[in-house]
Amino acid sequence: MASESVGYLAIADHYRRLIADRQIADGERLPSVRKIADQWHVATKTAQRALQVLRMEGFASPVTGLGFAARFRPHESAVLRVKVNGTRQRGEQYAAEDEALILSAEVTPTTGPAGDVLGVEPGRPAILRTGMVKRGDKVIRMSHSWFPIELGDLVPELLTVESTPPGNVARIEAATGRHTVVTADHFTVDLLGLQLAQSFGVPQGEPVLTRTTVRHDGLGVIEYGTTWFPRHVVLAVEYTDAVDHAN
């Protein structure tokens with residue numbers, strides 16, 4: 001069906017279009033990892049990553065014992081991809097006067113796409129941490145982070161309102177012995193709903209930069225987070241070349 005050099009993103013794009021065009025019906029079972037690998041002449045790891053991309057973007061959800069099922073979403077107006085060969089620093093670098101606060105840390109039923117991304121049935125419990133960053137009297141960042149409930153036993157700090165180094169993702173990696181292999185960031189511009197608008201102290205309907213982050217350790221998603229930045233906050237991202245030019 002495709003050349004041996006095809007990448008997982010091309011496979012994901014193929015199925016994304018079929019789902020958005022309703023050629024694959026909502027809830028219909030997607031091809032298995034093995035079938036995709038055979039059809040596209042790729043390694044099973046490549047096929048698995050393609051399905052994980054669809055899952056992280058909300059076009060597929062896991063079905064116990066059956067693989068993945070399609071989840072209808074309309075076509076995006078535009079998707080611009082940037083593949084970074086390396087890692088980005090976790091979190092943002094704040095000014096000395098900034099105040100980072102964890103507002104809540106609790107076990108609660110999953111809402112929105114959180115259940116699908118974490119691989120649990122909608123409404124099943126997971127760990128939700130909410131936070132904000134203030135600069136003076138202004139809120140410059142709000143965040144929600146979802147974690148699989150079983151990580152609460154391995155990393156008790158997930159259920160506390162403290163935020164201390166080295167950070168919860170590093171603690172999860174240390175506890176499980178597995179490192180993050182994929183971090184997917186999606187950026188969109190949305191309009192503020194009432195609750196977030198009140199948190200930022202701005203009118204409802206103001207534009208907001210939304211970053212959705214999914215971290216995967218090769219066996220499953222370990223964090224699904226959403227971060228909101230209001231107008232007049234600049235999110236500056238530096239990319240460092242990961243290639244060693246000395247050799």
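Modeller: Aspartate 98 and arginine 135 form a salt bridge, with the closest N and O atoms 2.6 Å apart. The term stands for a side-chain nitrogen of Lys or Arg within 4 Å of a carboxyl oxygen of Asp or Glu. This is a predicted model: local features need pLDDT of at least 70, side-chain atom pairs count only at pLDDT 80 or more, and totals for chains, interfaces and linings use all residues. Residues are numbered from 1 along each chain as its sequence is written, and side-chain values use heavy atoms, with hydrogens and water left out.

Colleague: Where do aspartate 98 and arginine 135 sit in the chain?

Modeller: The pair links distant parts of the chain, 37 residues apart: aspartate 98 is in strand β3 (residues 98-109) and arginine 135 in strand β4 (residues 125-135). Strands (E, at least two residues) and helices (H or I, at least four) are DSSP runs, numbered from the N terminus.

Colleague: Is aspartate 98 buried or exposed?

Modeller: Aspartate 98 counts as buried, at 13% relative accessibility, while arginine 135 is partly exposed at 38%. Buried means under 20% relative accessible area, exposed over 50%, and partly exposed in between, with a 1.4 Å probe and protein chains only.

Colleague: How many salt bridges does the count come to?

Modeller: Seven, by this rule. Among them is arginine 231 with glutamate 206, where the closest N and O atoms are 3.6 Å apart. Arginine 231 lies in the segment after β8 (221-230) and glutamate 206 in the loop between α7 (194-200) and β7 (207-216), so the pair ties together parts 25 residues apart in sequence. Arginine 231 is partly exposed at 43%, and so is glutamate 206 at 22%.

Colleague: What about arginine 34 and aspartate 38?

Modeller: Their side chains meet in a salt bridge at 4.0 Å, N to O. Both residues lie in helix α2 (residues 33-40), four residues apart, about one turn of the helix. Aspartate 38 is partly exposed, at 46%.

Colleague: Different topic. Which side chain does glutamate 173 make a polar contact with?

Modeller: That of threonine 180, at 2.7 Å. A polar contact is a pair of N or O atoms within 3.5 Å; within protein, one must be able to donate a hydrogen and the other to accept it, and residues adjacent in sequence count only if both atoms are side-chain atoms. Glutamate 173 lies in helix α6 (residues 168-176) and is buried, with a relative accessible area of 10%.

Colleague: And how many helices and strands does the protein have?

Modeller: Seven helices and eight strands. Of its 247 residues, 38% count as buried.
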